[in-house]
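Here is a short report on a two-chain model. The sequence and structure come first, then the reading of the fold and its contacts.

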2 protein chains.
Amino acid sequence: MKLVCLTLVLGALSSFSASALEALPKDVPTPADNPKTAIKVELGKALYFDPRLSIDGTVSCNSCHNVMASGEDNRPVSVGVNGQRGGRSAPTVWNSGHNTVQFWDGRAASLEDQAKGPLTNPIEMGMPNHDAVMARVKQLPGYVEMFKKAFPKDKEPVTIDNLAKAIATFERTLNTPDSAFDLYKRGNKKAMSAQAIRGMKLVEEIGCTACHTGKNFNGEGLKMGEGNYQLFPQAPGSKFDKQYNLTADLGRYEVTKNPEDKHKWRVPTWRNVALTAPYFHNGSVKTLDEAVRVMGKTQLDMDLSEDQVGDIVAFLNSLTGKLPKIVAPQLPMMAGGTLTPEK
Amino acid sequence: MKLVCLTLVLGALSSFSASALEALPKDVPTPADNPKTAIKVELGKALYFDPRLSIDGTVSCNSCHNVMASGEDNRPVSVGVNGQRGGRSAPTVWNSGHNTVQFWDGRAASLEDQAKGPLTNPIEMGMPNHDAVMARVKQLPGYVEMFKKAFPKDKEPVTIDNLAKAIATFERTLNTPDSAFDLYKRGNKKAMSAQAIRGMKLVEEIGCTACHTGKNFNGEGLKMGEGNYQLFPQAPGSKFDKQYNLTADLGRYEVTKNPEDKHKWRVPTWRNVALTAPYFHNGSVKTLDEAVRVMGKTQLDMDLSEDQVGDIVAFLNSLTGKLPKIVAPQLPMMAGGTLTPEK
C-alpha cells in the first residue's frame with residue numbers, strides 16, 4: 001500500500017516542473033453569472049460581517065473566517081451559536097476564490113454554494129432555513145436598497161442566491177498577494193532567504209508539490225475524481241495517525257458515500273499557512289513544524305530531519321502574503337427595534 | 001412615594017433650561033495620564049477587535065460592543081464564552097468617552113477601568129486573570145512592538161494598565177457627531193422635522209430631560225451620589241414593573257450595598273437610542289415606542305398619548321449620529337502557532 005501510494009505521488013510529481021509553483025495572479029476566476037461590481041462587494045462585505053444572520057445574533061461569517069487575522073479563527077474547530085463546537089477546523093477565506101472546490105470535503109463547487117451552508121447549519125449559525133434568513137434581511141431597508149442596486153435586473157433581488165452571490169463576490173476580493181515567494185517568482189531574488197529557497201527546492205524534490213501545486217498550492221490541475229482531492233494519510237499506520245486522530249473522519253466519503261473517497265480531502269492551500277495553526281481537518285496539530293513532520297511521514301513515508309523541517313517551514317513562511325486593507329462596513333440598522341430579540 | 005419622587009424630578013428639572021440639551025462637542029475628555037496618540041489608537045483598535053483576549057478565542061470587545069452597528073449587540077443580554085448569557089444588556093460604546101461613569105451600575109469610574117472588567121468575567125471573556133491575558137499578548141511580537149511605541153517612557157510597557165489605556169484611547173474616538181439634532185443645535189433649523197422638534201420640546205416640558213441632560217443626554221452634571229444615577233422605576237407599582245421584570249435587579253446597590261442605592265442606575269445615553277433595541281438594563285423591551293411609554297409611566301407617572309410617544313420617538317431618532325469610518329485592524333499574528341489551542 002505504501003509503495004503503491006508513493007508511486008502515485010512520485011508519478012504525479014514527475015508531471016510537474018518547478019514552474020508548477022506560481023505567483024498569485026491578480027485576477028480571481030469569476031463565474032459568468034456573478035460578475036464583480038463595487039456595490040456587490042459592499043453588500044457582500046456587510047453580510048459577511050453581520051452576526052444577525054445567525055439565530056441569536058452572535059455569529060457572522062467573520063467569526064470563524066476572520067479577515068482581521070488569518071482568514072479563520074485559529075481554533076481546532078470553530079464555535080457556533082450557543083457555544084457549540086464544529087467537527088472540522090475552519091479553512092482560511094484568504095485566496096479562497098482560487099480554490100476549485102470549497103469545504104474540506106469539497107461539498108460545495110463554488111464560493112456561492114459554500115456561503116449558503118453555515119447559515120442553516122445547526123451548530124454554526126443555526127438559522128432554521130434560508131427563508132428565515134431572508135425574512136430578517138428584508139426587514140432592514142438598508143439591505144433591501146443595496147440588493148436592488150447590486151442586482152438591478154432582478155424583479156425580486158432580495159434572495160438567498162443573491163445573498164450568496166454578494167458574499168462570494170466580497171470573498172473574491174480577499175486575496176493576499178506579494179508574499180516573499182510571489183516577489184521572488186516575479187524576479188526579486190532577494191525577497192526570499194537562502195533557507196526559504198532551500199525549503200522551496202526541497203518540497204519539490206521530495207514530492208510535497210505533487211499535491212500542493214498551482215498558484216494557491218492546493219492541487220489545482222490535479223484531477224482526482226471531480227476535484228483536487230488527495231488521500232490523507234497516504235501512507236497509513238504512522239504513529240501520527242493515532243497521536244493526532246487523523247483517521248476518525250472519513251472526509252469526502254461522508255459526501256459521496258463512495259468507498260474510494262474514504263480519507264480523501266481537498267488539498268488545503270499553503271498560502272498563509274504560517275498564520276493558520278492549528279493544523280489539519282481536525283485542528284489537532286498545534287505548530288507548523290510538527291505539521292511538516294506529520295505530512296512528511298503520512299504522505300511521503302519520510303522521517304524528515306530537523307534541518308529539512310526548518311527549511312520547509314522557512315519556505316512556508318515565505319508564502320504569507322499582504323492582507324488587504326478592509327474598511328469595516330456599517331451594517332444596515334432597524335430604527336427603534338431589533339432583529340434578534342430573545343425572551 | 002410617587003409624589004415625593006415626582007417632586008424630586010420636577011425639582012431637578014427646574015434647574016435646567018432648554019440649553020441643557022447640547023450638541024456633541026468635538027473634544028472628548030481625556031485623562032491627564034492617558035493622552036491620545038495615533039499609535040495608541042491603533043493598538044487599542046487591534047486589542048478591541050481581538051478575540052484571542054478571551055479564553056477560547058471567540059469573544060472580543062467588539063462582539064458585544066459592535067462598532068459596525070449600534071455599538072452594542074442588539075440582544076437582551078450578551079453572549080460570552082461557551083454560550084453563556086450575561087445578566088444585563090450591553091451598553092453602547094458610541095460616545096462612551098462622554099460618560100462620567102461606566103457600566104449600568106457605574107462600577108467603573110473610567111473607560112480604562114471598564115476595559116479590564118470583561119476580560120476576566122467568567123461569563124464574558126473568561127480569562128482566569130489579567131496575567132494570563134498579558135501572557136498571551138506578550139507572545140505576539142507585533143503587539144509587543146506596538147506597546148513599546150505607544151508607551152515609550154515605560155520600562156515594561158506590556159501591562160494590563162497600558163492595555164486598558166490603549167483600548168480606552170480607541171474608544172474615545174468612537175463618537176457619532178452630526179445627528180439631525182446636532183445640526184439643528186448648530187443652526188440648521190431644517191435638520192429636524194416638525195415632529196422631532198415637537199418631541200424635543202415635549203421631553204423638556206414633561207421632565208425627561210431632568211435626567212437625560214447634557215451633551216450625551218445621560219445626566220452629566222446631575223450629582224446623585226458620586227455619579228449621575230437615578231432611581232428606576234422612580235414611581236414603582238406600574239404594570240410595566242412586572243411585565244418587564246424591572247425591579248429584580250437592584251442596580252447600583254449590588255456595588256455599594258448601600259440601601260439607598262437600590263434600583264439606582266446610571267442614566268443611559270439617548271444618543272443613537274433608536275439603534276440600541278432592546279431596551280433597559282435587562283433588555284426586556286423590544287421597541288423604542290414601548291420604551292418611551294414605560295419611561296413615561298415609571299419615571300413621570302404619566303400615561304403618554306400615542307401622539308406624544310410618536311413625537312418623542314421622532315426626537316430620539318434625530319439623535320442618531322454619523323458613525324465614524326473604521327479601517328479594520330490587522331491583528332498581530334504568531335507564525336506557525338496559535339494562542340488559543342483547545343484539546
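The C-alpha centres of domain 1 and domain 2 of chain A lie 28 Å apart. This is a predicted model: local features need pLDDT of at least 70, side-chain atom pairs count only at pLDDT 80 or more, and totals for chains, interfaces and linings use all residues. Residues are numbered from 1 along each chain as its sequence is written, while chains are lettered from A and ligands numbered from 1 in the order in which they are written.

**Domains of chain A**

Domain 1 covers 2–24 + 177–317, and domain 2 covers 38–171. These bounds come from an automatic or database domain assignment. Between the two, 27 residues of domain 1 of chain A are in contact with 21 residues of domain 2 of chain A. Contact here requires C-beta atoms, placed from the backbone, to lie within 7 Å. On the domain 1 side, helix H11 (253–256) and strand E2 (264–266) of chain A each give two or more residues.

**Overall fold**

Chain A holds 13 helices and two strands. Helices (H or I, at least four residues) and strands (E, at least two) are DSSP runs, numbered from the N terminus. The radius of gyration of chain A is 21 Å, close to the 20 Å of the globule rule for 343 residues, so chain A is as compact as a globular protein of that length. That radius is taken over C-alpha atoms, and the rule is 2.2 Å times the number of residues to the power 0.38. Along the principal axes, the C-alpha atoms of chain A fill a box of roughly 65 × 45 × 30 Å. Of the 343 residues, 53% count as buried. Buried means 20 or more other C-beta atoms within 10 Å of the residue's own, exposed means 12 or fewer, and partly exposed is in between, with C-beta atoms placed from the backbone. Among contacts in chain A with a separation of 6 or more, 68% join residues 24 or more positions apart.

**Helix H5 of chain A**

Helix H5 (residues 130–138) of chain A buries A:Val133, A:Arg136 and A:Val137. They cover an arc of only 100 degrees around the axis, which puts them on the same side of H5(A). The arc is that of the directions from the helix axis to the C-beta atoms. A:Asp131 and A:Lys138 are exposed on the other side of H5(A). The cover over the buried residues includes helices H4 (111–120), H6 (141–150) and H7 (160–171) of chain A.

**The two chains**

41 residues of chain B are in contact with 41 residues of chain A. Helix H12 (288–300) and helix H13 (306–317) of chain B each supply at least two residues of the chain B side. The table sets out two contact sides by class.

A rotation of 180 degrees with 0.0 Å of shift along its axis superposes chain B on chain A (RMSD 0.0 Å). The two copies are thus related as by a two-fold rotation axis. Superposition is by least squares on the C-alpha atoms of residues with pLDDT of at least 70 in both. Both copies use the same surface: 100% of the contact residues of chain B recur in chain A.
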